[in-house]
Amino acid sequence: VQLQASGGGLVQAGGSLRLSCSASRIMFRAYDMAWYRQAPGQERELVASISSDGGTTYANSAKGRFTISRDNFGDAVYLQMNSLKPEDTAVYYCSTVDCGRRRWGQGTQVTVSS
């Protein structure tokens with residue numbers, strides 16, 4: 001499995017970013033996908049997930065502001081983040097489970113300034 005995340009950056013509070021993750025070496029449409037994040041000094045936490053059939057779940061902190069989606073033709077998963085807050089600052093990771101193990105992309109930094 002290879003996961004390549006992109007789209008992070010520096011944005012002011014209230015702004016938006018769209019993260020992208022391209023997947024390769026898997027039958028993408030059959031995999032549940034997720035976005036996690038890890039802020040400095042904190043544990044990695046689940047932000048949002050999307051199942052192979054398109055069902056979505058969100059962390060309470062993401063509900064109403066973030067939207068996860070997938071493109072099974074392009075083998076990609078996205079995270080649209082609106083109304084960003086300084087507490088959303090973290091490294092965001094694309095992830096899936098393959099062969100019973102959670103796999104991670106390299107992460108993309110999101111920094112929200114106040």
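Rings of Phe, Tyr and Trp, the last represented by its six-membered ring, are taken to pair if their centres lie within 6.5 Å. In the predicted model described here, this rule gives a count of 2 aromatic pairs. Tyr36 and Trp104 make up one of them, with 4.9 Å from centre to centre and 80° between the planes, an edge-to-face arrangement. Tyr36 belongs to strand S4 (residues 33-38) and Trp104 to strand S10 (residues 101-104), so this pair ties together parts of the chain that are 68 residues apart in sequence.

The two residues were also assigned an accessibility class. Tyr36 is buried, its relative accessible area being 15%, whereas Trp104, at 36% relative accessibility, counts as partly exposed. The ring of Trp104 also pairs with that of Tyr93: the centres are 6.2 Å apart and the planes stand at 80°, and the pair is therefore edge-to-face. Here the link runs between Tyr93 in strand S9 (residues 90-98) and Trp104 in strand S10, distant parts of the chain that are 11 residues apart. Tyr93 is buried, with a relative accessible area of 13%. Tyr36, Tyr93 and Trp104 together form one aromatic cluster.

Charged side chains were also found over aromatic rings. Within the cluster, which includes Tyr93, the ring of Tyr93 has the charged end of Arg44 sitting over it, at 3.7 Å from the ring centre. Arg18, in turn, lies over the face of Tyr78, 4.0 Å from the centre of that ring.

Terms used. Residues are numbered from 1 along each chain as its sequence is written. This is a predicted model: local features need pLDDT of at least 70, side-chain atom pairs count only at pLDDT 80 or more; totals for chains, interfaces and linings use all residues. Side-chain values use heavy atoms; hydrogens and water are left out. Rings of Phe, Tyr and Trp (its six-membered ring) pair if their centres lie within 6.5 Å; planes under 30 degrees apart count as stacked, over 60 as edge-to-face and the rest as tilted. Helices (H or I, at least four residues) and strands (E, at least two) are DSSP runs, numbered from the N terminus. Buried means under 20% relative accessible area, exposed over 50%, partly exposed in between (1.4 Å probe, protein chains only). A charge sits over a ring if NZ of Lys or CZ of Arg is within 6 Å of the ring centre and within 35 degrees of the ring normal.
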